[in-house]
Amino acid sequence: MLDPDSTRQNDLRSGRGPWLAGPPRPASEGLDSDIRCDVVIVGGGITGALAAEHLTALGHDVVLVDREREGFGSTAASTAMLQWEIDLPLRRLAALYGFEKAADVYRRSFKAVEGLRERIAQLEVNCGFVPRDTVYLAAGEVGPRELRDEWSLREKAGLPGTLLDHAALLGTFGFDRAAAIVSPGSAEADPLSLCHALLRVAAGRGARLIRDEAISYDATSGSAAVQLAGGRTIEAGHVVLATGYTMPDCVGSDLHRVASSWAIATLPQPPALLWPGRSLVWEASEDYVYCRTTIDGRIVLGGEDEETDDPEERQRLGPKKTQALLGKLRALLPGAEPTLGHAWSGAFGQTVDGLPLIGRVPGASRMLAAYGYGGNGITFSFLASRMIGALIGGKDASWFGHFAIDRPDPAKL
Ligand SMILES: Cc1cc2nc3c(=O)[nH]c(=O)nc-3n(C[C@H](O)[C@H](O)[C@H](O)COP(=O)(O)OP(=O)(O)OC[C@H]3O[C@@H](n4cnc5c(N)ncnc54)[C@H](O)[C@@H]3O)c2cc1C
(Lines give C-alpha, C1' and ligand atoms only; values in the text may rest on other atoms or scores of the structure.)
Protein backbone atom coordinates (compact mmCIF):
# COMPACT_ATOMS: atom_id res chain seq x y z
CA MET A 1 0.00 0.00 0.00
CA LEU A 2 1.23 3.51 -0.79
CA ASP A 3 2.95 5.16 2.12
CA PRO A 4 1.19 8.48 2.91
CA ASP A 5 4.41 9.97 4.27
CA SER A 6 6.81 9.13 1.47
CA THR A 7 4.69 8.73 -1.68
CA ARG A 8 5.24 11.67 -4.00
CA GLN A 9 3.47 12.75 -7.20
CA ASN A 10 6.08 10.98 -9.33
CA ASP A 11 5.09 7.75 -7.59
CA LEU A 12 1.45 8.35 -8.50
CA ARG A 13 2.01 8.60 -12.25
CA SER A 14 4.66 7.97 -14.91
CA GLY A 15 4.90 9.53 -18.36
CA ARG A 16 2.86 12.47 -19.55
CA GLY A 17 -0.71 12.80 -20.75
CA PRO A 18 -1.89 15.18 -23.48
CA TRP A 19 -3.29 17.71 -21.02
CA LEU A 20 -2.44 21.36 -21.28
CA ALA A 21 -1.23 23.38 -18.34
CA GLY A 22 -4.35 25.50 -18.91
CA PRO A 23 -4.75 28.74 -17.00
CA PRO A 24 -1.73 29.41 -14.78
CA ARG A 25 -1.97 27.92 -11.30
CA PRO A 26 -2.45 30.55 -8.61
CA ALA A 27 0.77 31.09 -6.68
CA SER A 28 1.26 29.16 -3.46
CA GLU A 29 3.19 30.51 -0.48
CA GLY A 30 5.03 29.28 2.60
CA LEU A 31 3.88 30.11 6.12
CA ASP A 32 6.01 32.06 8.58
CA SER A 33 3.47 31.97 11.40
CA ASP A 34 0.56 29.85 12.60
CA ILE A 35 -2.79 30.75 11.04
CA ARG A 36 -6.51 30.16 11.55
CA CYS A 37 -9.27 29.67 8.98
CA ASP A 38 -12.74 28.14 8.64
CA VAL A 39 -11.66 25.14 6.57
CA VAL A 40 -8.23 23.74 5.72
CA ILE A 41 -8.15 21.43 2.70
CA VAL A 42 -5.17 19.08 2.39
CA GLY A 43 -4.50 18.18 -1.26
CA GLY A 44 -4.79 20.38 -4.36
CA GLY A 45 -5.79 17.85 -7.04
CA ILE A 46 -9.22 17.91 -8.63
CA THR A 47 -10.88 16.82 -5.35
CA GLY A 48 -9.32 19.63 -3.30
CA ALA A 49 -9.92 22.15 -6.11
CA LEU A 50 -13.64 21.31 -6.38
CA ALA A 51 -13.96 21.51 -2.58
CA ALA A 52 -12.09 24.85 -2.47
CA GLU A 53 -14.30 26.36 -5.18
CA HIS A 54 -17.51 25.19 -3.51
CA LEU A 55 -16.54 26.09 0.06
CA THR A 56 -15.38 29.59 -0.92
CA ALA A 57 -18.65 30.06 -2.83
CA LEU A 58 -20.45 29.17 0.41
CA GLY A 59 -18.53 31.99 2.11
CA HIS A 60 -15.95 29.96 4.04
CA ASP A 61 -12.46 31.25 4.65
CA VAL A 62 -10.39 28.44 3.05
CA VAL A 63 -6.71 27.48 3.17
CA LEU A 64 -5.51 24.72 0.81
CA VAL A 65 -2.24 22.91 1.52
CA ASP A 66 -0.32 20.84 -1.04
CA ARG A 67 3.22 19.53 -0.61
CA GLU A 68 3.87 19.55 -4.37
CA ARG A 69 2.44 21.20 -7.51
CA GLU A 70 -1.36 21.28 -7.36
CA GLY A 71 -2.96 19.07 -10.03
CA PHE A 72 0.16 17.06 -10.88
CA GLY A 73 -0.74 13.96 -8.84
CA SER A 74 -3.38 11.51 -10.11
CA THR A 75 -5.36 14.38 -11.61
CA ALA A 76 -2.75 14.86 -14.35
CA ALA A 77 -2.94 11.12 -15.14
CA SER A 78 -6.72 11.05 -15.47
CA THR A 79 -8.33 10.44 -18.85
CA ALA A 80 -11.19 12.60 -17.52
CA MET A 81 -14.18 10.75 -18.91
CA LEU A 82 -16.84 12.39 -16.72
CA GLN A 83 -19.35 9.58 -16.53
CA TRP A 84 -22.41 8.95 -14.40
CA GLU A 85 -22.21 5.20 -15.09
CA ILE A 86 -20.10 3.88 -12.26
CA ASP A 87 -17.55 1.06 -12.29
CA LEU A 88 -19.98 -1.50 -10.91
CA PRO A 89 -22.94 -2.05 -13.29
CA LEU A 90 -26.33 -1.26 -11.77
CA ARG A 91 -27.30 -4.94 -11.81
CA ARG A 92 -24.23 -5.86 -9.74
CA LEU A 93 -24.62 -2.92 -7.35
CA ALA A 94 -28.29 -3.90 -6.91
CA ALA A 95 -27.20 -7.47 -6.11
CA LEU A 96 -24.94 -6.06 -3.35
CA TYR A 97 -27.23 -3.41 -1.84
CA GLY A 98 -30.73 -3.93 -3.28
CA PHE A 99 -32.32 -2.11 -6.22
CA GLU A 100 -33.53 1.04 -4.39
CA LYS A 101 -30.14 1.95 -2.94
CA ALA A 102 -28.24 1.07 -6.12
CA ALA A 103 -30.66 3.13 -8.24
CA ASP A 104 -30.30 6.06 -5.82
CA VAL A 105 -26.49 5.92 -6.16
CA TYR A 106 -26.74 5.90 -9.96
CA ARG A 107 -29.20 8.82 -9.99
CA ARG A 108 -26.92 10.83 -7.69
CA SER A 109 -23.99 10.12 -9.99
CA PHE A 110 -26.09 11.30 -12.94
CA LYS A 111 -26.95 14.52 -11.11
CA ALA A 112 -23.30 15.04 -10.16
CA VAL A 113 -22.22 15.20 -13.82
CA GLU A 114 -25.13 17.56 -14.48
CA GLY A 115 -24.08 19.70 -11.49
CA LEU A 116 -20.48 19.79 -12.68
CA ARG A 117 -21.61 20.89 -16.15
CA GLU A 118 -23.76 23.68 -14.68
CA ARG A 119 -20.96 24.88 -12.40
CA ILE A 120 -18.39 24.97 -15.21
CA ALA A 121 -20.85 26.94 -17.36
CA GLN A 122 -21.59 29.41 -14.53
CA LEU A 123 -17.90 29.97 -13.85
CA GLU A 124 -17.12 30.15 -17.59
CA VAL A 125 -14.15 27.92 -16.98
CA ASN A 126 -12.15 27.05 -20.08
CA CYS A 127 -11.21 23.38 -19.62
CA GLY A 128 -12.22 21.51 -22.76
CA PHE A 129 -15.51 20.49 -21.19
CA VAL A 130 -17.80 18.90 -23.79
CA PRO A 131 -21.04 16.99 -23.03
CA ARG A 132 -20.82 13.51 -24.54
CA ASP A 133 -22.91 10.36 -24.88
CA THR A 134 -21.39 7.11 -23.71
CA VAL A 135 -21.29 3.85 -25.67
CA TYR A 136 -21.13 0.89 -23.29
CA LEU A 137 -20.00 -2.09 -25.37
CA ALA A 138 -20.70 -5.77 -24.87
CA ALA A 139 -17.34 -7.44 -24.26
CA GLY A 140 -15.91 -10.61 -22.71
CA GLU A 141 -18.29 -12.09 -20.17
CA VAL A 142 -20.91 -9.37 -20.74
CA GLY A 143 -22.98 -10.19 -23.82
CA PRO A 144 -26.28 -8.93 -25.26
CA ARG A 145 -28.37 -10.66 -22.56
CA GLU A 146 -26.45 -9.06 -19.69
CA LEU A 147 -26.59 -5.67 -21.41
CA ARG A 148 -30.36 -6.02 -21.86
CA ASP A 149 -30.71 -6.79 -18.11
CA GLU A 150 -28.59 -3.73 -17.30
CA TRP A 151 -30.58 -1.51 -19.66
CA SER A 152 -33.93 -2.71 -18.17
CA LEU A 153 -32.76 -1.97 -14.63
CA ARG A 154 -31.52 1.48 -15.67
CA GLU A 155 -34.88 2.18 -17.31
CA LYS A 156 -36.65 1.12 -14.08
CA ALA A 157 -34.38 3.54 -12.19
CA GLY A 158 -35.39 6.39 -14.52
CA LEU A 159 -31.99 6.59 -16.20
CA PRO A 160 -31.75 7.41 -19.92
CA GLY A 161 -30.25 5.12 -22.56
CA THR A 162 -30.92 3.10 -25.71
CA LEU A 163 -30.02 -0.52 -26.32
CA LEU A 164 -28.42 -1.13 -29.73
CA ASP A 165 -28.10 -4.56 -31.32
CA HIS A 166 -25.09 -5.54 -33.45
CA ALA A 167 -26.48 -4.18 -36.73
CA ALA A 168 -27.57 -0.83 -35.25
CA LEU A 169 -24.27 -0.43 -33.40
CA LEU A 170 -22.20 -1.22 -36.49
CA GLY A 171 -24.35 1.02 -38.68
CA THR A 172 -24.32 4.00 -36.28
CA PHE A 173 -20.82 3.90 -34.79
CA GLY A 174 -18.86 1.33 -36.77
CA PHE A 175 -18.13 -0.81 -33.67
CA ASP A 176 -18.29 -4.51 -34.49
CA ARG A 177 -19.70 -5.72 -31.15
CA ALA A 178 -22.71 -7.80 -30.22
CA ALA A 179 -24.62 -4.93 -28.53
CA ALA A 180 -24.22 -1.64 -26.64
CA ILE A 181 -26.08 0.79 -24.41
CA VAL A 182 -25.85 4.38 -25.64
CA SER A 183 -26.60 6.98 -22.95
CA PRO A 184 -26.63 10.77 -22.80
CA GLY A 185 -25.54 12.84 -19.78
CA SER A 186 -21.76 12.31 -19.55
CA ALA A 187 -18.93 14.62 -20.59
CA GLU A 188 -15.19 15.01 -21.08
CA ALA A 189 -12.73 17.69 -19.95
CA ASP A 190 -9.05 18.47 -19.61
CA PRO A 191 -8.54 17.55 -15.93
CA LEU A 192 -5.46 19.70 -15.35
CA SER A 193 -7.05 22.85 -16.83
CA LEU A 194 -10.21 22.20 -14.82
CA CYS A 195 -8.25 21.77 -11.59
CA HIS A 196 -6.18 24.90 -12.08
CA ALA A 197 -9.15 27.00 -13.19
CA LEU A 198 -11.11 26.00 -10.06
CA LEU A 199 -8.14 26.88 -7.85
CA ARG A 200 -7.94 30.27 -9.52
CA VAL A 201 -11.61 30.91 -8.82
CA ALA A 202 -11.15 29.90 -5.17
CA ALA A 203 -8.01 32.03 -4.83
CA GLY A 204 -9.89 34.95 -6.37
CA ARG A 205 -12.35 34.64 -3.50
CA GLY A 206 -9.56 34.77 -0.96
CA ALA A 207 -8.50 31.13 -0.55
CA ARG A 208 -4.81 30.86 0.40
CA LEU A 209 -2.67 28.16 -1.23
CA ILE A 210 0.12 26.92 1.02
CA ARG A 211 3.09 24.83 -0.18
CA ASP A 212 3.84 22.48 2.72
CA GLU A 213 3.25 18.94 3.87
CA ALA A 214 0.57 18.01 6.40
CA ILE A 215 2.22 15.64 8.87
CA SER A 216 -0.40 15.26 11.58
CA TYR A 217 -3.99 16.10 12.33
CA ASP A 218 -6.00 16.81 15.46
CA ALA A 219 -9.74 16.95 15.03
CA THR A 220 -10.93 15.40 18.24
CA SER A 221 -11.77 18.57 20.17
CA GLY A 222 -13.96 21.65 19.49
CA SER A 223 -11.73 22.73 16.61
CA ALA A 224 -9.27 21.06 14.27
CA ALA A 225 -5.58 21.57 13.55
CA VAL A 226 -3.11 20.50 10.88
CA GLN A 227 0.57 20.34 11.74
CA LEU A 228 2.88 21.14 8.83
CA ALA A 229 6.34 19.76 8.12
CA GLY A 230 7.61 23.36 7.97
CA GLY A 231 6.80 23.71 11.66
CA ARG A 232 3.62 25.81 11.44
CA THR A 233 0.12 24.89 12.53
CA ILE A 234 -3.15 25.71 10.79
CA GLU A 235 -6.13 25.81 13.14
CA ALA A 236 -9.53 25.49 11.53
CA GLY A 237 -13.18 24.77 12.14
CA HIS A 238 -12.85 21.73 9.85
CA VAL A 239 -10.16 19.78 8.02
CA VAL A 240 -10.92 18.29 4.59
CA LEU A 241 -8.62 15.46 3.48
CA ALA A 242 -8.22 15.25 -0.30
CA THR A 243 -4.80 13.63 -0.57
CA GLY A 244 -5.72 11.29 -3.42
CA TYR A 245 -4.39 7.76 -3.25
CA THR A 246 -2.07 8.47 -0.35
CA MET A 247 -4.61 7.99 2.40
CA PRO A 248 -3.51 8.82 5.97
CA ASP A 249 -3.77 6.03 8.52
CA CYS A 250 -6.53 7.85 10.41
CA VAL A 251 -8.89 7.23 7.46
CA GLY A 252 -7.94 3.62 6.62
CA SER A 253 -10.69 1.51 5.08
CA ASP A 254 -10.78 -2.24 4.34
CA LEU A 255 -12.85 -1.49 1.24
CA HIS A 256 -10.08 0.43 -0.49
CA ARG A 257 -7.09 -0.73 -2.52
CA VAL A 258 -4.72 0.98 -4.92
CA ALA A 259 -3.98 -0.56 -8.33
CA SER A 260 -2.39 0.80 -11.52
CA SER A 261 -3.83 1.80 -14.86
CA TRP A 262 -2.25 2.69 -18.24
CA ALA A 263 -3.27 5.07 -21.02
CA ILE A 264 -2.11 6.30 -24.43
CA ALA A 265 -3.02 9.21 -26.69
CA THR A 266 -2.52 9.19 -30.45
CA LEU A 267 -1.45 12.17 -32.52
CA PRO A 268 -4.41 14.26 -33.75
CA GLN A 269 -6.52 12.23 -36.19
CA PRO A 270 -8.19 13.51 -39.36
CA PRO A 271 -11.82 14.16 -38.20
CA ALA A 272 -13.19 11.66 -40.74
CA LEU A 273 -11.37 8.83 -38.91
CA LEU A 274 -13.16 9.50 -35.59
CA TRP A 275 -16.49 7.87 -34.71
CA PRO A 276 -19.77 9.81 -34.93
CA GLY A 277 -20.51 12.06 -31.95
CA ARG A 278 -17.06 11.31 -30.46
CA SER A 279 -18.87 9.57 -27.60
CA LEU A 280 -17.03 8.14 -24.60
CA VAL A 281 -16.62 4.43 -25.36
CA TRP A 282 -16.06 1.74 -22.74
CA GLU A 283 -16.27 -2.01 -22.53
CA ALA A 284 -18.50 -3.81 -20.07
CA SER A 285 -16.00 -6.63 -19.35
CA GLU A 286 -13.81 -6.94 -16.23
CA ASP A 287 -10.72 -6.66 -18.43
CA TYR A 288 -11.82 -3.50 -20.20
CA VAL A 289 -10.63 -0.87 -22.61
CA TYR A 290 -12.10 2.62 -22.91
CA CYS A 291 -11.53 5.59 -25.19
CA ARG A 292 -12.43 9.20 -25.85
CA THR A 293 -11.16 12.01 -28.05
CA THR A 294 -9.56 15.33 -27.14
CA ILE A 295 -10.40 18.81 -28.36
CA ASP A 296 -7.52 18.59 -30.88
CA GLY A 297 -8.70 15.22 -32.24
CA ARG A 298 -6.43 12.74 -30.44
CA ILE A 299 -7.77 9.37 -29.38
CA VAL A 300 -7.13 8.68 -25.69
CA LEU A 301 -7.40 5.00 -24.82
CA GLY A 302 -6.84 3.29 -21.48
CA GLY A 303 -7.14 0.10 -19.47
CA GLU A 304 -4.76 -2.82 -18.84
CA ASP A 305 -5.16 -2.44 -15.05
CA GLU A 306 -2.90 -4.41 -12.70
CA GLU A 307 -3.18 -5.09 -8.99
CA THR A 308 0.06 -3.31 -8.12
CA ASP A 309 0.70 0.04 -6.49
CA ASP A 310 4.48 -0.20 -6.89
CA PRO A 311 5.72 2.79 -8.98
CA GLU A 312 8.80 0.88 -10.22
CA GLU A 313 6.70 -2.05 -11.37
CA ARG A 314 4.34 0.37 -13.11
CA GLN A 315 7.26 1.99 -14.92
CA ARG A 316 8.75 -1.39 -15.87
CA LEU A 317 5.45 -2.59 -17.35
CA GLY A 318 5.01 0.67 -19.33
CA PRO A 319 6.37 -0.37 -22.78
CA LYS A 320 4.46 -3.69 -22.73
CA LYS A 321 1.24 -1.96 -21.69
CA THR A 322 1.65 0.70 -24.39
CA GLN A 323 1.96 -2.01 -27.06
CA ALA A 324 -1.06 -3.84 -25.64
CA LEU A 325 -3.13 -0.63 -25.73
CA LEU A 326 -2.03 0.11 -29.30
CA GLY A 327 -3.17 -3.42 -30.23
CA LYS A 328 -6.56 -2.78 -28.61
CA LEU A 329 -6.84 0.54 -30.45
CA ARG A 330 -6.29 -1.23 -33.78
CA ALA A 331 -8.87 -3.89 -32.90
CA LEU A 332 -11.56 -1.43 -31.74
CA LEU A 333 -10.91 1.30 -34.32
CA PRO A 334 -9.30 -0.33 -37.38
CA GLY A 335 -9.70 2.89 -39.40
CA ALA A 336 -7.81 5.12 -36.95
CA GLU A 337 -4.13 6.02 -37.30
CA PRO A 338 -2.37 4.28 -34.39
CA THR A 339 0.46 6.80 -34.11
CA LEU A 340 1.56 7.22 -30.50
CA GLY A 341 1.59 10.77 -29.11
CA HIS A 342 1.67 10.13 -25.34
CA ALA A 343 1.87 7.12 -23.03
CA TRP A 344 1.43 7.30 -19.28
CA SER A 345 0.17 5.45 -16.24
CA GLY A 346 -1.02 6.17 -12.76
CA ALA A 347 -2.13 4.87 -9.39
CA PHE A 348 -5.81 4.08 -9.42
CA GLY A 349 -7.91 3.75 -6.24
CA GLN A 350 -10.77 1.31 -6.15
CA THR A 351 -13.27 0.04 -3.62
CA VAL A 352 -14.90 -3.38 -3.48
CA ASP A 353 -18.34 -1.90 -4.21
CA GLY A 354 -17.19 0.72 -6.74
CA LEU A 355 -18.36 3.57 -4.47
CA PRO A 356 -16.13 6.31 -3.09
CA LEU A 357 -15.34 6.94 0.57
CA ILE A 358 -16.77 10.35 1.46
CA GLY A 359 -17.81 11.91 4.74
CA ARG A 360 -16.76 12.25 8.37
CA VAL A 361 -13.61 10.46 9.41
CA PRO A 362 -14.74 8.02 12.11
CA GLY A 363 -13.87 9.34 15.57
CA ALA A 364 -12.98 12.83 14.32
CA SER A 365 -16.17 14.83 13.74
CA ARG A 366 -14.35 17.92 12.44
CA MET A 367 -12.38 15.96 9.87
CA LEU A 368 -13.97 15.15 6.51
CA ALA A 369 -12.46 13.09 3.74
CA ALA A 370 -12.98 12.25 0.08
CA TYR A 371 -11.24 9.11 -1.23
CA GLY A 372 -11.46 5.78 -2.99
CA TYR A 373 -12.37 6.78 -6.48
CA GLY A 374 -12.43 4.42 -9.42
CA GLY A 375 -13.15 5.22 -13.05
CA ASN A 376 -15.57 7.95 -11.96
CA GLY A 377 -13.06 9.81 -9.85
CA ILE A 378 -13.97 13.30 -10.97
CA THR A 379 -17.74 12.73 -10.84
CA PHE A 380 -17.34 11.50 -7.28
CA SER A 381 -15.00 14.39 -6.41
CA PHE A 382 -17.81 16.77 -7.40
CA LEU A 383 -20.30 14.79 -5.29
CA ALA A 384 -17.80 14.87 -2.41
CA SER A 385 -17.46 18.66 -2.59
CA ARG A 386 -21.24 19.05 -2.24
CA MET A 387 -21.54 16.51 0.58
CA ILE A 388 -18.64 18.10 2.46
CA GLY A 389 -20.15 21.57 2.01
CA ALA A 390 -23.42 20.31 3.47
CA LEU A 391 -21.74 18.53 6.41
CA ILE A 392 -19.70 21.60 7.31
CA GLY A 393 -22.95 23.61 7.20
CA GLY A 394 -24.49 21.17 9.70
CA LYS A 395 -26.68 19.38 7.14
CA ASP A 396 -26.69 15.61 6.97
CA ALA A 397 -28.75 13.30 4.76
CA SER A 398 -29.50 9.61 5.08
CA TRP A 399 -28.10 8.93 1.59
CA PHE A 400 -24.64 10.18 2.70
CA GLY A 401 -24.46 6.74 4.34
CA HIS A 402 -24.11 5.11 0.87
CA PHE A 403 -20.57 6.51 0.75
CA ALA A 404 -19.65 6.42 4.45
CA ILE A 405 -15.98 5.77 5.16
CA ASP A 406 -16.83 3.18 7.82
CA ARG A 407 -19.55 1.35 5.89
CA PRO A 408 -19.19 -2.41 6.24
CA ASP A 409 -17.76 -4.61 3.50
CA PRO A 410 -20.90 -5.81 1.66
CA ALA A 411 -19.32 -9.26 1.21
CA LYS A 412 -19.30 -9.64 5.00
CA LEU A 413 -22.91 -8.51 5.61
C1 LIG B 1 -4.74 6.34 -15.83
C2 LIG B 1 -5.91 6.93 -15.07
C3 LIG B 1 -7.10 7.21 -15.75
C4 LIG B 1 -8.18 7.76 -15.05
N5 LIG B 1 -9.31 8.05 -15.77
C6 LIG B 1 -10.35 8.66 -15.16
C7 LIG B 1 -11.48 9.04 -15.92
O8 LIG B 1 -11.55 8.82 -17.14
N9 LIG B 1 -12.49 9.69 -15.29
C10 LIG B 1 -12.41 9.99 -13.96
O11 LIG B 1 -13.36 10.59 -13.43
N12 LIG B 1 -11.36 9.60 -13.20
C13 LIG B 1 -10.32 8.95 -13.77
N14 LIG B 1 -9.24 8.60 -13.04
C15 LIG B 1 -9.27 8.81 -11.59
C16 LIG B 1 -8.99 10.28 -11.27
O17 LIG B 1 -7.83 10.69 -11.94
C18 LIG B 1 -8.80 10.43 -9.76
O19 LIG B 1 -9.96 9.98 -9.11
C20 LIG B 1 -8.56 11.87 -9.37
O21 LIG B 1 -7.55 12.45 -10.15
C22 LIG B 1 -8.18 11.95 -7.90
O23 LIG B 1 -7.94 13.30 -7.63
P24 LIG B 1 -7.47 13.75 -6.19
O25 LIG B 1 -7.50 15.23 -6.18
O26 LIG B 1 -8.31 13.03 -5.18
O27 LIG B 1 -5.98 13.19 -6.06
P28 LIG B 1 -4.60 13.83 -6.62
O29 LIG B 1 -4.76 14.45 -7.95
O30 LIG B 1 -3.55 12.77 -6.49
O31 LIG B 1 -4.30 15.01 -5.59
C32 LIG B 1 -3.88 14.77 -4.26
C33 LIG B 1 -2.93 15.88 -3.86
O34 LIG B 1 -2.64 15.75 -2.46
C35 LIG B 1 -1.30 16.13 -2.24
N36 LIG B 1 -0.89 15.52 -0.96
C37 LIG B 1 -0.86 14.21 -0.64
N38 LIG B 1 -0.48 14.04 0.64
C39 LIG B 1 -0.25 15.29 1.15
C40 LIG B 1 0.16 15.79 2.43
N41 LIG B 1 0.42 14.97 3.45
N42 LIG B 1 0.29 17.14 2.58
C43 LIG B 1 0.02 17.99 1.56
N44 LIG B 1 -0.36 17.57 0.33
C45 LIG B 1 -0.51 16.24 0.13
C46 LIG B 1 -0.55 15.61 -3.45
O47 LIG B 1 0.65 16.34 -3.68
C48 LIG B 1 -1.58 15.82 -4.57
O49 LIG B 1 -1.36 17.05 -5.27
C50 LIG B 1 -8.11 8.05 -13.67
C51 LIG B 1 -6.90 7.79 -12.99
C52 LIG B 1 -5.82 7.25 -13.68
C53 LIG B 1 -4.55 6.99 -12.93
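Reader: Which residue has a polar side-chain atom 2.8 Å from an oxygen atom of the ligand?
Author: Happy to start there, with the reminder that this is a predicted model. Among the closest of the 38 residues that surround the ligand are Thr 47, Asp 66 and Thr 75. The residue whose polar side-chain atom lies 2.8 Å from a ligand oxygen is Thr 79.

Reader: And which residue places a backbone N or O atom 2.8 Å from an oxygen atom of the ligand?
Author: Two backbone contacts are worth a look here. A polar backbone atom of Ser 74 is 3.0 Å from a ligand oxygen. The backbone N or O atom at 2.8 Å from an oxygen of the ligand belongs to Ile 378.

Reader: Are the rings of Phe 175 and Trp 275 stacked, edge-to-face or tilted?
Author: A pair of aromatic rings is described by the distance of the centres and the angle of the planes. For Phe 175 and Trp 275, the centres are 6.3 Å apart and the planes stand at 55 degrees. Stacked needs under 30 degrees and edge-to-face over 60, so this pair is tilted.

Reader: How many residues apart are Phe 175 and Trp 275?
Author: Good one to trace along the chain! Phe 175 sits in the loop between helix 7 and strand 7, and Trp 275 in the loop between strand 12 and strand 13. Phe 175 is buried at a relative accessible area of 1%, and Trp 275 is buried at 4%. The pair links distant parts of the chain, with a separation of 100 residues.

Reader: Which residues do ring pairs link into a cluster with Phe 380?
Author: Let's begin with one pair. The rings of Phe 380 and Phe 403 have centres 6.4 Å apart and planes at 55 degrees, so they are tilted. Both of these residues, Phe 380 and Phe 403, are buried. Ring pairs join Phe 380 in a cluster with Trp 399, Phe 400 and Phe 403.

Reader: Within what arc do the buried residues of helix 4 fall?
Author: The buried residues of helix 4 are Leu 90, Leu 93, Ala 94 and Tyr 97. Seen down the helix axis, they line one face of helix 4, because they fall within an arc of 100 degrees.

Reader: Which helices do the buried residues of helix 4 pack against?
Author: We can follow helix 4 to its end on the way. Just after helix 4, Gly 98 takes a positive phi of about 90 degrees. The buried residues of helix 4 pack against helix 5 and helix 6.

Reader: Which residue lies over the face of Tyr 97?
Author: Tyr 97 is one of the buried residues of helix 4. At 3.9 Å from the centre of the Tyr 97 ring, over its face, lies Lys 101.

Note on methods. Residues numbered from 1 in each chain as written. Predicted model: local features only at pLDDT ≥ 70, side-chain atom pairs only at ≥ 80, totals over all residues. Heavy atoms only, no water. Phe/Tyr/Trp six-rings, centres within 6.5 Å; stacked < 30°, edge-to-face > 60°. Helix = DSSP H or I, 4+ residues; strand = E, 2+ residues; numbered from the N terminus. Buried < 20%, exposed > 50% of the residue type's maximum accessible area, 1.4 Å probe, protein only. Lys NZ or Arg CZ within 6 Å of the ring centre and 35° of its normal. Arc of directions from axis to C-beta. Contact = heavy atoms within 4.5 Å. Near = heavy atom within 4 Å. Polar contact = N/O pair within 3.5 Å; in protein donor to acceptor, adjacent residues only side chain to side chain.
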